[in-house]
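Subject: Structure handover and findings

Dear colleague,

Here is the structure I promised to pass on to you, with my notes below it. Please read the notes with the coordinates open beside them.

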Amino acid sequence: MSRKLIAAAIGCTMLAAASMKQARAFEGGVSPYPAGAVGTNIANLPPIPGLFALEQFNYSFANGLYGNDGKKLPIPFKTSVFSETTRLLASYPFHLLGANVYTQLVIPVVSLHTSVFGQSSTQGGLSNITLTPVLLQWHLSPNLTIASGLDFAFETGSYSPVKPSVAVGYTSVQPVFSVRYNVPNGIDVAIANRLLLNTKNGTTNYRSGDGYVGEFEAGWNFGPWKLGVVGAYLNQFSDDKANGVNVGNRMRTFGIGPSIVYDARSWNVNLNYQQGIYAANTAKSSSVWLNIAIPLWPGFGRKG
């Protein structure tokens, strides 16, 4: 899950080096959502009933840690992450409040490698499973859609409070609101707005601060092809608390890069690269994403 896991490695580094206190944000520097994961799939949901899958393959890497002022810290640090995430989407044959209705389940499996002061470690396993019980999408015009849902990133997966982990040890509730304007053989622009409302970690009695993630994409359609850019901005807007006491510093990241899409209608492939441009209290990571959307059972529940 890219930045989430890079940050997990940072958290372990902080525990090992006193100089890392200035780079602490979220618990151990871990974001409960990997900003940039949505790619070009903002408010882009199948218009027919069925069961659909989005397979996401991600490789992320970082070679430095950055403090609260956005400057690189003098600490030898490298990390690389590979993740495979399955997103299952059920599209129902009815409407609610004039919107198409969906349910989503996200299952990420991750391998994390870190090197700090020349000491290497590798961790792997299941990360936090996310469920969207109800996801709604409205078609306001042939080209304009909006979507809204409530994600629950559960306290699941391979988590440890004393070593780099591929999961966080708490639940995060995440309201999402997205807007997309897409013209065939024309412009395609979209933005997804997500809040990260985090609960307390019962194991460590630590409560990560809340945050905002804005993900965006812009491109131009050429028949089934689309060329453009994708990116994401993360801003932690409230302080962490350890045993009820404010910890202080907050995480911020920004990344952007090129994207190419091939849309065959029944299936869709997106390849994008997101270069880390800015980071504070975390690593400046860059990511390569390969996203493949396929139908598993199109038309289930349809009458006739």
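Does D188 count as buried or exposed, going by its relative accessibility? D188 counts as buried, because its relative accessibility is 0% and buried means under 20%. Please keep in mind throughout that this is a predicted model.

The charged cluster

D188 belongs to strand 9, and its side chain takes part in two polar contacts that I would look at together, one with the side chain of R180 at 2.7 Å and one with the side chain of K226 at 2.5 Å. The pair R180 and D188 also qualifies as a salt bridge, with 2.7 Å from N to O. Leaving out residues up to four places away in sequence, D188 touches R180, Y181, N182, E217, A218, G219, N221 and K226.

R180 has a second salt-bridge partner in E217, where the closest N and O atoms are 3.1 Å apart. Because R180 lies in strand 8 (residues 172-182) and E217 in strand 12, this pair ties together parts that are 37 residues apart in sequence. Both R180 and E217 are buried, the former with a relative accessible area of 4% and the latter with 3%. Strand 12 itself covers residues 211-222, and the contacts of E217, once neighbours within four places in sequence are set aside, are G39, T40, I42, R180, D188, V189, A190, K226, V229 and V230. Taken as a group, R180, D188, E217 and K226 are linked in a network of salt bridges.

The other salt bridges

The count of salt bridges in the model comes to seven. One further example joins the side chains of D239 and R250, again with an N to O distance of 2.7 Å. This pair links distant parts of the chain, since D239 sits in the loop between strand 13 and strand 14 (241-242) and R250 in the loop between strand 15 (245-246) and strand 16 (252-263), 11 residues apart. Here both partners are partly exposed, D239 with a relative accessible area of 22% and R250 with 29%.

The nonpolar cores

The largest nonpolar core has 17 residues, and those with the most contacts inside it are Y33, I42, V213 and L234. Two elements give two or more residues to this core, namely strand 9 (187-198) and strand 13 (225-236), and strand 9 gives the most, with three residues. For V213, leaving aside neighbours within four places in sequence, the contacts are Y33, A35, A192, N193, R194, L196, Y233 and L234. There is also a second, separate core of seven residues, which includes L65, L73, I75 and A283. As general background, nonpolar side chains tend to be buried together in soluble globular proteins.

With best wishes

Notes. Residues are numbered from 1 along each chain as its sequence is written. This is a predicted model: local features need pLDDT of at least 70, side-chain atom pairs count only at pLDDT 80 or more; totals for chains, interfaces and linings use all residues. Side-chain values use heavy atoms; hydrogens and water are left out. Helices (H or I, at least four residues) and strands (E, at least two) are DSSP runs, numbered from the N terminus. Buried means under 20% relative accessible area, exposed over 50%, partly exposed in between (1.4 Å probe, protein chains only). Contact means heavy atoms within 4.5 Å. A nonpolar core is a set of buried Ala, Val, Leu, Ile, Met, Phe, Trp, Tyr and Cys residues joined through side-chain atoms within 4.5 Å. A polar contact is a pair of N or O atoms within 3.5 Å; within protein, one must be able to donate a hydrogen and the other to accept it, and residues adjacent in sequence count only if both atoms are side-chain atoms. A salt bridge is a side-chain nitrogen of Lys or Arg within 4 Å of a carboxyl oxygen of Asp or Glu.
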